[in-house]
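Please look over the sequence and the structure shown below.

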Amino acid sequence: MIESGVAFDFGQLVMDNEFARMVRHVVGGIPVTDELLGADDIAQVGPFGDFLSLDSTLKFMRSQSQPKLIDRRVREEWAAGGGKDLHQRALEEARRILATRVPEPLPDEVVREIRRIVDAADAAAAALGSPQCI
Amino acid sequence: MMIGVCPVSPLKLPMECSEAIVSAARAGVPCLVLSMAMAGGSAPVNLADTLVVDKAEVLAGITLAQLTSPGTPMLYGSSTTAMDLRLAAASVGSPECGVISAAAAAIARQYGLPSYVAGL
């Protein structure tokens, strides 16, 4: 929220969501389990080798942080892709979400219960001669 | 004044680095040995393993200096981070860089060495 809470920036909200995901990665620390430890891999690859083609790299690659909006490309690639700053990209994402999101409907029994409460309130209001709810 | 050298990950202390360390140690110049491994590329994808590589490289440089001239002042360095495997780019400033730097600083403290890590 900005302007003392008068305005809300959806772009900022989307950015904050991304930052929170990254912070969660840090708070998670470095997992240490028998399954994750691969001293054999280090010995197998040896000095000056690479780990790109190892099975363990394929298996665990998605454990890496994967920001959707933070752009890690080099400047030239970023510029060639339109050179949009983070807030611009976040606003576009917010607009996309607002345009395409379909809210999940309430469960039927919840809808029925709300209707029951409203009808009861209407009945009580009518008894007092007050205007009805919708 | 001090010198700084970066091993080539994984686990290689090239001739140029070694000569610089030896020369500095002989002259009593402080040495920074700073690993720049990339998890998933030049180090294992899991960060605990990456720290093993990072630490081995730094300790190799420190050992060389101490063998040359015991007591040479050392800095334990780390600019190790993840390689973003979607882009094949070092993700400096990423969560991985942060946690690895924190861990490297903790390891340095264990050895009683001052540390110099990415993100400061």
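**A walk through the model**

By class, nine nonpolar, six polar and one charged residues make up the lining of the largest pocket. The model is a predicted one. The space in this pocket comes to about 230 Å³. It is lined by 16 residues, and those closest to its centre are His25(A), Gly29(A), Pro31(A), Ser63(A) and Leu47(B). Two elements give two or more residues to the lining, namely α2 (47-68) and α3 (95-110) of chain B. The largest share, three residues, comes from α3(B). Rolling a probe the size of a water molecule over the atoms shows where empty space is left.

From the pocket, turn to the packing of side chains. In soluble globular proteins, nonpolar side chains tend to be buried together. The largest nonpolar core here has 24 residues, of which Ile21(B), Val33(B), Met74(B) and Tyr76(B) touch the most other members. The elements of chain B that give two or more residues to this core are α1 (15-27), β2 (31-35), α2, β4 (74-78) and α3. With six residues, α3(B) gives the most.

Which residues does Val33(B) touch, not counting residues up to four places away in sequence? They are Val5(B), Pro7(B), Ile21(B), Glu57(B), Val58(B), Gly61(B), Ile62(B), Met74(B), Leu75(B), Tyr76(B) and Gly77(B).

Three bridges connect β2(B) with strand β1 (residues 3-5) of chain B, and the two run parallel. Within β2(B), Cys31(B) is the bridge partner of Ile3(B).

Strands of a sheet pair through backbone hydrogen bonds, either parallel or antiparallel. Chain B also has an open sheet of three strands in the order β3-β5-β6, and its pairing is mixed. The edge strands, each pairing on one side only, are β3 (38-39) and β6 (89-90) of chain B. How many bridges join β3(B) to strand β5 (residues 81-84) of chain B? There are two, and these strands run parallel. Opposite Met38(B) stands Thr81(B), which belongs to β5(B).

Notes
Residues are numbered from 1 along each chain as its sequence is written. Chains are lettered from A and ligands numbered from 1 in the order in which they are written. This is a predicted model: local features need pLDDT of at least 70, side-chain atom pairs count only at pLDDT 80 or more; totals for chains, interfaces and linings use all residues. Side-chain values use heavy atoms; hydrogens and water are left out. Two strands pair if DSSP finds at least two bridges between them. Helices (H or I, at least four residues) and strands (E, at least two) are DSSP runs, numbered from the N terminus. On a 1 Å grid over the protein atoms alone, a cavity is a set of points where a 1.4 Å probe fits but cannot get out, and a pocket is an open set with protein on both sides within 12 Å along at least five of seven lines; lining residues have an atom within 4 Å of a point. Grid points are joined across faces, edges and corners, and a volume is the space filled by probe spheres set on the points. Ala, Val, Leu, Ile, Met, Phe, Trp, Tyr, Cys and Pro count as nonpolar, Asp, Glu, Lys and Arg as charged, and the others, Gly among them, as polar. A nonpolar core is a set of buried Ala, Val, Leu, Ile, Met, Phe, Trp, Tyr and Cys residues joined through side-chain atoms within 4.5 Å. Buried means under 20% relative accessible area, exposed over 50%, partly exposed in between (1.4 Å probe, protein chains only). Contact means heavy atoms within 4.5 Å.
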